[in-house]
Amino acid sequence: MSVTLGIDIGGSGIKGAPVDTLTGQLVGERRRIPTPEGAAPADVKAVVAELVRGFGLPGPVGVTFPGIVQRGRTLSAANVHKDWIGLDADTLLSEAVGQEVHLLNDADAAGLAEARFGAGAGQDGTVMVLTFGTGIGSALIHNGVLVPNTELGHLWLRDKHAETWASDRARERDDLNWKQWSKRACSYLQHLELLFSPELFIIGGGISKKADKWTPHLTLDRSRVVPAQLLNEAGIIGAAMQAALLAPPVQSSRAAAKKA
Ligand code: BGC
């Protein structure tokens, strides 16, 4: 077993759990603290530090972020406080928690987890994971390897960012029924199919819990479209996977001796 802590910063809650990154299973209780109003860096930092302290699990910590993350810096903030833009967030959070922290984009985390342990398990070639919520997040994975920060929710479509028109928030805002929303999501997916030809689209985010409402309406010519399987655990699992990859947890001396 190789256990790493994963933390998922979401719009309403910051959730964490210890994850066995070899199996993708949560191996301890999942804890959640409401996201502080406005999600400013200092407030989010305090919540992450409280969660990490509570788990008492040494080693690297993976944390998701709903924006671009490049080399530990948060570079966009479509749905969180603008003070995140340009911040060296890996360093900020590592200092706050006293352990090595690695951030990655929330959809990238969900994508890594779904592709390896969820709806994409066993699928080779190109897999595209899309999370429909407040915005639209995207993850592009080829033979298990992630191309980070694709940000395809911001693809320019019909004179706007696709997410302002086809996200779950847009569905609620425009009071669309599932068939009407699926029509929008379908034309967005058709465009992505043309650009990337994925073997498989995995549809995640809040709407994956209501898959029976939209699966009949969301089909494409070439790519298969399936609902995500890991639901709201995908971010936690993917964050832990990434942290374990970047900074493998120290093996117990017994395990190391066995290996040698
Ligand atoms: C952000 C992405 C994020 C997605 C889902 C978009 O607005 O730009 O980085 O993955 O929302 O949270």
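Buried area is the accessible area (1.4 Å probe) that two parts lose on being put together, summed over both. The structure is a predicted model, in which local features need pLDDT of at least 70, side-chain atom pairs count only at pLDDT 80 or more, and totals for chains, interfaces and linings use all residues. Residues are numbered from 1 along each chain as its sequence is written, and side-chain values use heavy atoms, with hydrogens and water left out.

The protein is assigned domain 1 (3-108 + 235-259) and domain 2 (122-229); the bounds come from an automatic or database domain assignment. The centres of domain 1 and domain 2, taken over C-alpha atoms, lie 25 Å apart. Domain 1 gives 9 residues to the contact and domain 2 gives 14 residues, where contact means heavy atoms within 4.5 Å.

Domain 1 and domain 2 bury about 780 Å² between them. Carbon and sulfur atoms give 47% of this area. On the domain 1 side, N79, A107 and D108 supply 62% of the area buried against domain 2, more than any other three residues. Polar contacts join 3 residue pairs, both residues at pLDDT 80 or more. A polar contact is a pair of N or O atoms within 3.5 Å; within protein, one must be able to donate a hydrogen and the other to accept it, and residues adjacent in sequence count only if both atoms are side-chain atoms.

The ligand is surrounded by residues that include N79, A107, N105, H154 and E163, each with a heavy atom within 4 Å of the ligand.
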